[in-house]
Amino acid sequence: MTNTIGKHEHSGIPAVTMWFDPVCPYTWNTARWLHGAAIELGFDIDWQLANLAILNEGRELPPPQQTRMADSARVGRLMAAIQREMGTEGLWAAYFTFGQRYFAQPPGTIDDGLIHDVLTAVDARETTARALSDASLDELLQHSHRAGQDALGEPGGSPILSINDHAFFGPVLTAVPPAEQSTAPFDAIATLAATAPFAQLQRPRADA
C-alpha cells in the first residue's frame with residue numbers, strides 16, 4: 001500500500017501500516033484484532049517489521065527480557081528474509097503461524113519444529129532456518145525498524161500503527177476483542193489519529 005495514501009483517503013479506504021516485533025505478546029493481540037478489522041472494513045494492511053532488540057540495544061535488562069530480546073533478534077532476521085522473498089502477504093502468513101506456536105505456552109520456545117512450520121506455511125524456497133543466525137539480514141531489519149521510528153517521530157516500541165499517514169505507538173491490547181467489536185476500536189483509533197491536537201490516552205492495564 002506504499003504511496004497510495006491519497007487514493008485511499010479519497011475512496012474512504014484507509015491506508016494502514018503496522019510495524020511489529022513478532023515476539024511481543026501484546027503486539028500479537030493487536031495484529032489479530034487489526035487483521036479481523038481489515039476483513040470487516042475492507043482495507044489492506046502493509047505489515048512491516050519493528051525490532052525490540054534494536055530498540056533496547058545497550059540497555060541493561062532482567063534475564064527474562066534478555067531472553068526475549070535474543071528471540072527478537074533471531075526471529076527478526078527470519079522474518080526479514082521471508083519478507084524479502086515472499087513480500088507482505090508472506091510476512092503475515094509467517095507471523096501468524098509463528099505467533100500461534102510461540103505464544104501458546106509462555107515463555108515461547110523457538111525450536112526446529114516451529115521454524116519448519118513457519119517456512120512450510122509460506123512455501124519458502126530460498127529462506128531457510130539459517131536465516132536466524134545470518135547477520136547479513138540485520139541491515140534489512142534495521143531499515144524497516146527505522147522506517148517505523150521515523151513514522152512515529154520518536155523512539156517507540158511494538159506495535160506502531162499508521163492510519164492515513166498518522167502514526168502512533170499502540171494500541172496495546174491485553175486480549176483480542178470479540179469479533180463483533182473489532183471495527184469500533186479501529187474507527188475510534190482512526191478518528192483520534194487524524195485529530196492533530198490529540199497526544200495520548202492511557203488507562204491502567206489489567207493483563208489477561
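Helix α2, which covers residues 25-41, has 17 residues and reaches 25 Å from its first C-alpha to its last, close to the 24 Å expected at 1.5 Å a residue. The expected span of a helix is taken as 1.5 Å times one less than its number of residues. Helices (H or I, at least four residues) and strands (E, at least two) are DSSP runs, numbered from the N terminus. The model is a predicted one, in which local features need pLDDT of at least 70 and side-chain atom pairs count only at pLDDT 80 or more, whereas totals for chains, interfaces and linings use all residues. Residues are numbered from 1 along each chain as its sequence is written, and side-chain values use heavy atoms, with hydrogens and water left out.

The buried residues of α2 are Thr27, Trp28, Asn29, Thr30, Ala31, Trp33, Leu34, Ala37 and Ala38. Here, buried means under 20% relative accessible area, exposed means over 50%, and partly exposed lies in between, with a 1.4 Å probe and protein chains only. The cover over the buried residues of α2 includes the strands β1 (16-20), β2 (45-49) and β3 (160-163), together with the helices α4 (63-102) and α7 (183-193). Just after α2, glycine 42 takes a positive phi of about 80°.

The axes of α2 and α7 come within 9 Å and cross at roughly 95°. Axes are lines fitted to C-alpha atoms, for helices over the stretch in contact, and angles run from 0 to 180 degrees between N-to-C directions. On the side of α2, the contact is made by Trp33, Leu34, Ala37, Glu40 and Leu41, and on the side of α7 by Thr183, Pro185, Phe186, Asp187 and Ile189. Contact means heavy atoms within 4.5 Å.

Glutamate 40 lies in helix α2 and counts as exposed, at 56% relative accessibility. Leaving aside its neighbours within four places in sequence, glutamate 40 is in contact with Ser182 and Thr183. The C-alpha atoms of glutamate 40 and alanine 179 are separated by 9.2 Å, although the two residues are 139 residues apart along the chain.

Four strands form an open sheet of mixed pairing, in the order β2-β1-β3-β4. The edge strands are β2 and β4 (166-169), each of which pairs on one side only. Two strands pair if DSSP finds at least two bridges between them. The twist averages 20° from one strand to the next. Helix α4 packs on the sheet, touching β1 and β2, and its direction makes about 170° with that of β2.

Strands β1 and β2 run parallel and are joined by 5 bridges. Tryptophan 19 stands opposite glutamine 48 in β2. The chain crosses from β1 through α2 to β2, and this β-α-β crossover is right-handed. A crossover is called right-handed if, with the strands pointing away from the viewer, the path from the first strand over the helix to the second runs clockwise.

Strand β2 is mostly covered, with 5 of its 5 residues buried. In a regular strand the side chains alternate between the two faces of the sheet. Both faces of β2 are covered, with Ile45, Trp47 and Leu49 buried on one side and Asp46 and Gln48 buried on the other.

Strands β3 and β4 pair in the antiparallel sense over 4 bridges. Serine 162 has alanine 167 in β4 as its bridge partner. Aspartate 165 lies in the loop between β3 and β4. This aspartate 165 has a positive phi of about 75° although it is not a glycine, and it counts as exposed at 57% relative accessibility.

Most residues other than glycine have a negative phi, and most peptide bonds are trans. Aspartate 123, in the loop between α5 (112-121) and α6, has a positive phi of about 55° although it is not a glycine. Aspartate 123 is partly exposed, with a relative accessible area of 44%. A cis peptide bond joins serine 158 and proline 159, with omega about 5°; proline 159 is found in the loop between α6 (138-152) and β3. The peptide bond from glycine 170 to proline 171 is also cis, with omega near 0°, and proline 171 is placed in the loop between β4 and α7.
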